[in-house]
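Here's a quick briefing to read alongside the model. Have the sequence and the 3D view open as you go.

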Amino acid sequence: MDAAKKQSSAVSDVGAWAMNVVSSVGLIMANKQLMSPAGYAFVFGHDYVTGFHFSMTAIIGLVSNATGYSTRKKVPLWELLWFSIVANTSITGMNLSLMLNSVGFYQISKLSMIPVVCVMEWILHSKHYSNRVKIAVLVVVVGVGVCTVTDVKVNAQGFICACVAVLSTSLQQISIGSLQKKYSIGSFELLSQTAPIQALSLLLFGPFVDYYLTGKLLASYKFSSAVLFFIILSCSLAVFCNISQYLCIGRFSATSFQVLGHMKTVCVLLLGWLLFDSELTLKNILGMAIAILGMVVYSWAVEADKQTETKASSLPRDAAEENVELLKQQQQQQLDGSSPHKDVELGKSQP
C-alpha cells in the first residue's frame, strides 16, 4: 500500500514539473513571437499582458469554485494583499531589470535567486542544507552561468532594480509554500484567491509602467487576428504556468523550484536554436551539460537527505527515554488503583 502511494506521489511530482516546464517554455516562445520585432512587435507585454494572464486565471478560479470543483478556504485579506504586492513587485522589478541591465547581468541576477532563496529559507524557517546539496546547487549555477551569461554591464538604477527583483521573487516563492502549509490550502485554491488582486492591480498600473518602459500607448497599436490569437495562447499557457508553479512549490520547496526550474532555460536555448535560428555555440552546449549534471546531482542529494532523515526517525528510542516512559506508565497504573505487581501476585497459585 505504501509502495503504491509513493509511486502515485512520484507520478504526480513528475507531472507537476512537466506541466511547469512545458507551459513555461511554451509561454516564453509565444511571448517571443508576440513581442519581438521579428514577430508582431506587441511591446505592451510587460505588465499589461501579465494582467491579462492573471485575469484569465481568476476567471477560471471563480468558475471552479462556482461549480464545486474546488473549495474556497479562508485566508486573511491582509495576507493576500501583502502577497500580491510582493508578487507584483517581482514582476515589475524583473521587467525593469531586463530593460535597464545587459542580458548578461540579468541572467546573473536570476542565478543569484538560488543562494538568496537558500539564505531566506534558513533565516525564515531555520532550514539547513547538506554539503552535497550545496555542491549540486553550485554546479547548476556554474552550468547555467556558462551557457547564458555573455556581456555583463551594470548601472546604479539597474543594480537597484535587480536587487528588488531578486528579493521580491525569492520571498514570493517562499511565501507560496508557507501560506499553503499555514492555512492547509491547495495550490489552486491559493492561486484563485491571489489572482484577482494581482490582475486588478496590474491592469490599473500596467499601462503606466508599459508607457514608462516603451513610451507608447496601447491605443496606438494596430491589432490583427494573429496578435489576438497569440495573446489568448499566452494567457492560456500562463494559467497552466501559474498553477504548476504553485503545485511545484507546494510539493517541494522554493529552492528545488529554482534549481530544477533552470531546466526551462536549457529548453528555451534549444528551442530558440530550432525555431528562431538562435546561435548555439560550444560554450552553450558545455554549460547546458554542466547544468543538467547539476540538476541530476541535486535530485540525488535531496533524495539521499530524505532517506537519511527517514532512517534517523525510525531508529529505536534511547534506553533512558524508554525508562522514563515505563515509569510514567507505572505511576498512571498506581493512580488508577492497579499495579503490575499486584496483577502478578493475583495470578499466583495458592499454596
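Of the chain's 351 residues, 41% count as buried. Keep in mind that this is a predicted model. The fold is built from helices: there are 14 of them and zero strands.

**Overall build**
- Reading from the N terminus, the elements go α-α-α-α-α-α-α-α-α-α-α-α-α-α.

**Surface**
- The chain exposes about 19700 Å², and 67% of that comes from carbon and sulfur atoms.
- Which residues form a nonpolar patch on the surface? They are Val119, Trp122, Ile123 and Leu124, and together they have about 420 Å² of accessible area.
- One of the patch residues, Ile123, lies in helix α5, which covers residues 113–125.
- Is isoleucine 123 buried or exposed? Its relative accessibility is 58%, so isoleucine 123 counts as exposed, given that the cut-off for exposed is over 50%.

**Cysteines**
- If you're wondering about disulfides, a search of the whole structure turns up zero.
- Cysteine 118 has a relative accessible area of 14%, so it's buried; the cut-off for buried is under 20%.
- Cysteine 235 is buried too, with a relative accessible area of 5%.

Terms used:
Residues are numbered from 1 along each chain as its sequence is written. This is a predicted model: local features need pLDDT of at least 70, side-chain atom pairs count only at pLDDT 80 or more; totals for chains, interfaces and linings use all residues. Side-chain values use heavy atoms; hydrogens and water are left out. Helices (H or I, at least four residues) and strands (E, at least two) are DSSP runs, numbered from the N terminus. Buried means under 20% relative accessible area, exposed over 50%, partly exposed in between (1.4 Å probe, protein chains only). Accessible areas come from the Shrake-Rupley method with a 1.4 Å probe; for residues, only the protein chains shown count as cover. Patches are made of residues with over 30% relative accessible area and no salt bridge: like charges are joined within 9 Å, nonpolar side chains (Val, Leu, Ile, Met, Phe, Trp, Tyr) within 5 Å. A salt bridge is a side-chain nitrogen of Lys or Arg within 4 Å of a carboxyl oxygen of Asp or Glu. A disulfide is a pair of cysteine sulfur atoms within 2.5 Å.
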